[in-house]
Amino acid sequence: MPNLKILVVFVSLLVFPIEQALGQNKADSLLNLLKSSRKHERITVLHQLTRYYISTNGTLALKYANDVIDLAEELNMPEEKATAMKNVGNVYFYMGRYRLAEESYLEAIEIFELTGNIDGAAKVYNNMGVINSRLGNYDKSLQYYQRSMNIKETLGDKQGIAATANNIGEIYKFKGDYQNALLNYQKSYELKEELGEKQGMANSLNNLGEIYSLWSDYEKAIEYYLEANSIFSAQGNLQAISVSYHNIGDLYHKLKNYELAKKNYLKALETQTKLGDRGGVIHSLKNLGSIYIETNELDAAQQSFLEALTIAQELEDKTGIASILNYFGRLNIIQKDYKAAIEKFNQSLSINKELGNPYGIANNHNSLGKVYLQLNNYQMSLGHYNASLKIADTLKIISIVQTAYEGIAASYQEMGDYRKALYNYAISQEIKDSLVSSQIHNQIAELETKYQAEQKEKEIKLKDIELEKNAVEIKQRKFQRNALLLGISMVFLLALAIYRSYKQKQKANIILGNQKAEIEEKNQEITASIRYAKIIQNALLPHPEFVKELFPDSFIFYRPKDIVSGDFYWFAESEKYHYLTAVDATGHGVPGAFISLLGFNLLNTIFKEYKNIGAAEFLNQLNMGFSERMFKTYEKEALMDSMDLALCRIDKDKKHLEYAGAYNPLWIARNGEMIVQKADKLSIGSFTEYPDRQYTPHKIQLEKDDMIYLFSDGYADQFGGPRSKKFMYKQLKTLLLENYKKESIVQEKILDQNYKDWKGDQEQIDDILIIGIRIT
């Protein structure tokens, strides 16, 4: 389906061709005006110059925005400075430098709130939501959109509420929460209808159609799409019309009507190319490539995918890249290049997991199931098909559910388990019949015919204005008569078709209901298993008494986000040295816990083999061992998992410390200052990609009462406080320096209370680990 998140961004770019048409004249006029303006007037002109160059010349735009900041500070005009900071953020956004954009937006928000301009703050919160959505940080994006919504509701800004509700709907859609997405799209539509905003109404109708298409309710989907297209056509909005063509093409694609799907995709591509809508072009090329696969035009498919992938990489469109890689993998299967297919599917899966895109993840598992079925690896194919089924059934994505059941049936058939094969095949066919029945094809055809008739009616009426009055009246009466007869016929056929479709869907819903009950039972069993896994994980961690024996004045502040954790700590002792490390494995919850178990086992294995190994060499061995286990089948086939950590080796007698780090630094509080030893920017798990890189040893002579701190990023990254910001490392450093002379147990309590106060009612976003030890 077209990515409407990209549409929102590119609709804002429609002004670009207009401004470009004005050419250099506008810029020259503004520059001449700037020369003759006084200081206060210069700020207004500089804002206009910033906006003029914002998407075409980022360097110039930044220059003019920074000129505003300097003038605003000189003239004590904080709101103008905040506006300039917002514009700086916009420039960085268009440049794809999202972290810098985020920093500028946060500074703008702070100033707007201090000056009481809550409307300005709401707009920037919305921008923060867009950035985090682009980065795949959907939970953060939702938080920022909700803050914007709260302000808009306080101000009674219905237009702002409608726009923000639409954005919130987008996030719920990306997260796979289609019910909440639907509710927000409906809220947005109702407000836009009340305000008489035709354009906004059509956008909401398109979004609603996409949700119903995901649910395979094609009757409602096509109604929403055609109604949206009708509004877009009346307004002459080519950008939005192209999206409607694309959505209709997607429906025909799902119903395997490849000729009509291709026809609509090509219409969309033609319009997007004219508009310079590169984001839309990505999706049209990608889906055309998929059609070419179905029609066995493999060279055309490969060319389409290559063009789409090139553009997506230039735009840093992760969602698009993941989707194209998945399609590319399917082409590799047909070409019998199974190794390439597995590599592309896993790359796509890794991106979708990073983005938290359940729809994409379910698709990836189906694709992997298919390739492993081709390789006769039936256990792997079953595993992937079942993983896809679990996700798709929860999201009610019926088409993916059907494909998964079909793959499971084929796997069991090849394994010789014909009873299970028949059972799953029967379910697959029941669902398939409800999805691709002739009635649904007829309904879509009838509805599209009705839409085309309405469009032709408008054209006829426009032409008839030029004809004589009597001729116009005769033709109108004839048309109205025919339209009435056609309308009555279509209503009858539509009612009959919907009834038949309803009965077939009832059967599928009963089957899915039974499956849901089974899945809920399995979920309870899985949760119980995870809780038992927590007991096992805790048993593997060093016992508190052992840690106290090594370092009497020490603490470990450990707060997993979920039942089990991706963060863990490890201590060991040889005759001459103490070893300690704080590790942050990829992710949290069950995936993170699996990585942590592998890491814990490798640490113990290396320590037993090399009793007095140095810190840097310890990390080199760990990097090699971890990479070998995670990438042992095909290069980069496994998920892109890794570990970040800080590891110390302390000489018991001489109090020499050797430190090596993978992204995570070492802090030592001494004499009221914090000594910071930076880590190598090389994660554990990167050996396959960078086999020649080694970790750097750092040697420090410890002093009595030094307080050593090792930590993961969970505490610093936690959102909270009055403005829902990250706690940040700067505040963490200040907090530790204020309290490092106190007993460790007191420090731990302070960290705990501060964390609770900061977090408040907000969700914990990551596992948290901080280790503190005092040198005595």
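A residue is called buried when its relative accessible area is under 20%, exposed when this area is over 50%, and partly exposed in between, using a 1.4 Å probe and protein chains only. Helices (H or I, at least four residues) and strands (E, at least two) are DSSP runs, numbered from the N terminus. The model is predicted, so local features need pLDDT of at least 70 and side-chain atom pairs count only at pLDDT 80 or more, while totals for chains, interfaces and linings use all residues. Residues are numbered from 1 along each chain as its sequence is written, and side-chain values use heavy atoms, with hydrogens and water left out.

The protein has 31 helices and 12 strands. Of its 776 residues, 52% are buried. Its accessible surface is about 36,400 Å², and carbon and sulfur atoms account for 52% of that; such areas come from the Shrake-Rupley method with a 1.4 Å probe, and for residues only the protein chains shown count as cover. Contact means heavy atoms within 4.5 Å. Among contacts between residues at least 6 apart in sequence, 65% join residues at least 24 apart.

Helix H20 covers residues 358-374. Its 17 residues reach 25 Å from the first C-alpha to the last, close to the 24 Å expected at 1.5 Å a residue; the expected span is 1.5 Å times one less than the number of residues. In H20, 14 of the 17 residues are buried, so this helix is largely enclosed by the rest of the structure. Just after H20 comes Asn376, with a positive phi of about 65°, although Asn376 is not a glycine. Asn376 lies in the loop between H20 and H21 and is exposed, with a relative accessible area of 52%.

The buried residues of H21 are Tyr378, Ser381, Leu382, His384, Tyr385, Ser388, Leu389, Ala392, Asp393 and Leu395. They cover an arc of only 165° around the axis, which puts them on the same side of H21; the arc is that of the directions from the helix axis to the C-beta atoms. Gln379 and Thr394, on the other side of H21, are exposed. Lys396 follows the helix and has a positive phi, near 65°.

In soluble globular proteins, nonpolar side chains tend to be buried together. A nonpolar core is a set of buried Ala, Val, Leu, Ile, Met, Phe, Trp, Tyr and Cys residues joined through side-chain atoms within 4.5 Å. The largest core here has 75 residues, of which Tyr178, Ile211, Phe305 and Ile324 touch the most other members. Apart from it lies another core, of 55 residues, among them Tyr569, Trp570, Leu619 and Ile650.

Tyr178 also belongs to helix H11, where the buried residues include Tyr178, Ala181 and Leu182. H11 spans residues 178-195, and its 18 residues reach 26 Å from first C-alpha to last, close to the 26 Å expected. Leaving aside neighbours within four places in sequence, Tyr178 is in contact with Tyr172, Lys173, Ile211, Leu214, Trp215, Tyr359, Leu395 and Ile397. Just after H11, Gly196 takes a positive phi of about 70°.

Asn287 lies in helix H16, residues 278-294. This residue is buried, with a relative accessible area of 2%. The side chain of Asn287 reaches the backbone oxygen of His283 at 3.0 Å. A polar contact is a pair of N or O atoms within 3.5 Å; within protein, one must be able to donate a hydrogen and the other to accept it, and residues adjacent in sequence count only if both atoms are side-chain atoms. Such a contact, of 3.4 Å, joins the side chains of Asn287 and Tyr327. At 58% relative accessibility, Asn296 counts as exposed, and its phi is positive, near 65°.

Ala261, in helix H15 (residues 258-275), counts as buried at 0% relative accessibility. Not counting residues up to four places away in sequence, Ala261 touches Gly249, Tyr252, His253 and Ile291. Lys339, in helix H19 (residues 338-355), counts as partly exposed at 48% relative accessibility.
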